[in-house]
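Please look at the structure below before reading the notes. They are written as a briefing, grouped by topic.

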Amino acid sequence: MLEISVQLVDEASKRPKPEDENNLVFGTVFSDHMFVMNYAEDKGWHDARIVPYQDIVLDPAAMILHYGQGIFEGLKAYRCADGRIHLFRPEKNCERFNRSAKRLCMPEVDPDFQIKALEQLLRIDADWIPRSKGTSLYIRPTMFATEPALGVRPAKEYIYYIITSPVGPYYPEGFNPVKIYVTDEFVRAVRGGVGEAKTVGNYAASLYAAEIAKKKGYTQVLWLDAVERKYVEEVGTMNIFFRVDDELITPPLTGSILPGVTRDSVIQLAKQWGVRVKERPITIDEVIQGIKDGRLQECFGTGTAAVISPVGELCYKDENYVINDGKVGEWSKRFYDEIVGIQYGEKDDPFGWIREVKV
Ligand code: COI
């Protein structure tokens with residue numbers, strides 16, 4: 001495994017820590033250090049280092065800027081009440097990172113090394129992991145093409161880095177239900193495309209519809225399948241679940257949906273609890289009909305940033321449909337409590353999801 005060199009920030013250049021941990025705006029403050037390494041076709045990954053958080057200098061022809069070979073991950077470090085530091089299923093993020101890399105013709109990064117680099121960074125910036133309930137240190141591993149070249153082909157040089165950011169809830173609503181806008185005009189991803197990869201372009205593709213939704217007063221967009229605009233896929237930064245007749249339903253992973261770590265955790269918990277759970281195609285018409293006739297009892301999104309996010313209202317074809325009286329559903333709350341409880345070490349971890357970072 002590569003050696004990691006360390007250059008610590010000098011006292012005078014330390015970044016100011018957020019004054020109020022209870023009012024952190026997602027992804028706006030960054031910790032003192034970052035992990036960085038570079039890749040060249042003839043050298044492989046090299047120059048692994050932890051350095052003070054700093055700018056990255058790019059050639060204007062760097063291929064990320066032209067052809068978008070860029071991928072990332074999102075995970076969190078949690079501070080338990082007794083001070084221990086937890087990661088939640090980090091190996092799942094490393095696996096997905098490498099699947100994204102493969103899809104975008106980028107080099108993979110040894111999962112054990114990703115975790116080693118991350119843990120070393122966390123030990124150095126441990127003070128940046130907030131202590132208040134519901135807060136965490138969001139971790140953003142990123143890789144993009146740095147080679148200066150304009151021919152359309154996979155780059156031969158890349159940078160991989162990890163930055164971290166103390167965060168609170170992703171949505172200003174916190175754990176309160178969000179309002180979601182269903183678009184049948186725009187699509188996010190198509191089967192056979194890059195929808196299941198965590199690539200930067202998927203997020204760029206989502207912005208236009210998200211802005212329209214925001215202007216109409218909705219927090220995020222619910223995407224339908226790109227071909228028939230009939231089947232529910234996912235929400236902006238979350239996978240989506242419905243409770244219908246006491247069965248949990250979520251769209252299957254057919255290539256255009258991001259395979260979420262929280263999504264997988266909810267499915268595993270549901271099975272353990274004896275909840276009937278189905279990964280199956282669900283149409284927007286079935287959802288709307290379910291809301292109308294009361295069979296659809298609740299709806300929630302899942303994601304690392306969003307955790308479990310109850311959905312209180314859907315807007316589809318200019319009609320508003322209120323779910324569960326706009327209140328947090330019983331199952332949403334139970335999944336939220338269980339997952340957050342495991343993450344912060346307050347509940348047992350029967351699945352072995354927690355990895356403790358020893359400081
Ligand atoms: C995450 O949940 O970590 C995500 O990647 C969503 C993000 C784009 C805010």
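The model shown is predicted. A search of the whole structure finds 25 salt bridges, and some of them are described below. The other topics are the crossing of helix 2 with helix 3, a nonpolar patch on the surface, and the positive phi values of Asp245 and Asp246.

- Side chains of opposite charge can pair when their charged atoms come close.
- Glu279 and Arg263 form a salt bridge, in which the closest N and O atoms are 2.8 Å apart. Because Glu279 belongs to strand 14 (residues 276-279) and Arg263 to helix 5 (residues 261-272), this pair ties together parts that are 16 residues apart in sequence.
- Are Glu279 and Arg263 buried or partly exposed? Glu279 has a relative accessible area of 41%, so it is partly exposed. Arg263 has a relative accessible area of 3%, and it is buried because the cut-off for that class is under 20%.
- Arg280 and Glu286 are joined by a salt bridge between their side chains, with an N to O distance of 2.7 Å. Arg280 has a relative accessible area of 22% and is therefore partly exposed. Glu286, with a relative accessible area of 31%, is partly exposed.
- Asp325 forms a salt bridge with Lys327, and the closest N and O atoms of this pair are 3.7 Å apart. Asp325 counts as exposed because its relative accessibility is 65% and the cut-off is over 50%. Lys327 is exposed, with a relative accessible area of 52%.
- Which residues are linked in a network of salt bridges? They are Asp82, Arg84, Glu356 and Lys358.

**Helix 2 and helix 3**

- Helix 2 covers residues 90-103 and helix 3 covers residues 111-124.
- The axes of helix 2 and helix 3 come within 9 Å and cross at roughly 125 degrees. Helix 2 is therefore oblique to helix 3.
- Is the crossing left-handed or right-handed? Helix 2 passes helix 3 in a right-handed crossing.

**A nonpolar patch on the surface**

- Ile56, Leu58 and Leu65 form this patch, and together they have about 230 Å² of accessible area.
- Leu58 has a relative accessibility of 32%, so it counts as partly exposed.

**Positive phi in a loop**

- Most residues other than glycine have a negative phi, and most peptide bonds are trans.
- Asp245 has a phi near 50 degrees, which is a positive value in a residue other than glycine.
- Where does Asp245 lie? Asp245 is in the loop between strand 12 (239-244) and strand 13 (247-250). Its relative accessible area is 36%, so Asp245 is partly exposed.
- Asp246 is not a glycine, yet it has a positive phi of about 60 degrees. Asp246 is found in the loop between strand 12 and strand 13. At 36% relative accessibility, Asp246 counts as partly exposed.

Note on methods:
Residues numbered from 1 in each chain as written. Predicted model: local features only at pLDDT ≥ 70, side-chain atom pairs only at ≥ 80, totals over all residues. Heavy atoms only, no water. Patch = residues over 30% accessible without salt bridge, like charges linked within 9 Å, V, L, I, M, F, W, Y side chains within 5 Å. Areas by Shrake-Rupley, 256 points an atom, 1.4 Å probe, with all protein chains shown as cover. Salt bridge = Lys/Arg side-chain N within 4 Å of Asp/Glu carboxyl O. Buried < 20%, exposed > 50% of the residue type's maximum accessible area, 1.4 Å probe, protein only. Axes fitted to C-alpha atoms, helices over the stretch in contact; angles between N-to-C directions. Helix = DSSP H or I, 4+ residues; strand = E, 2+ residues; numbered from the N terminus. Parallel < 35°, antiparallel > 145°, perpendicular 65-115°, else oblique. Left-handed = near helix turned anticlockwise from the far one by under 90°.
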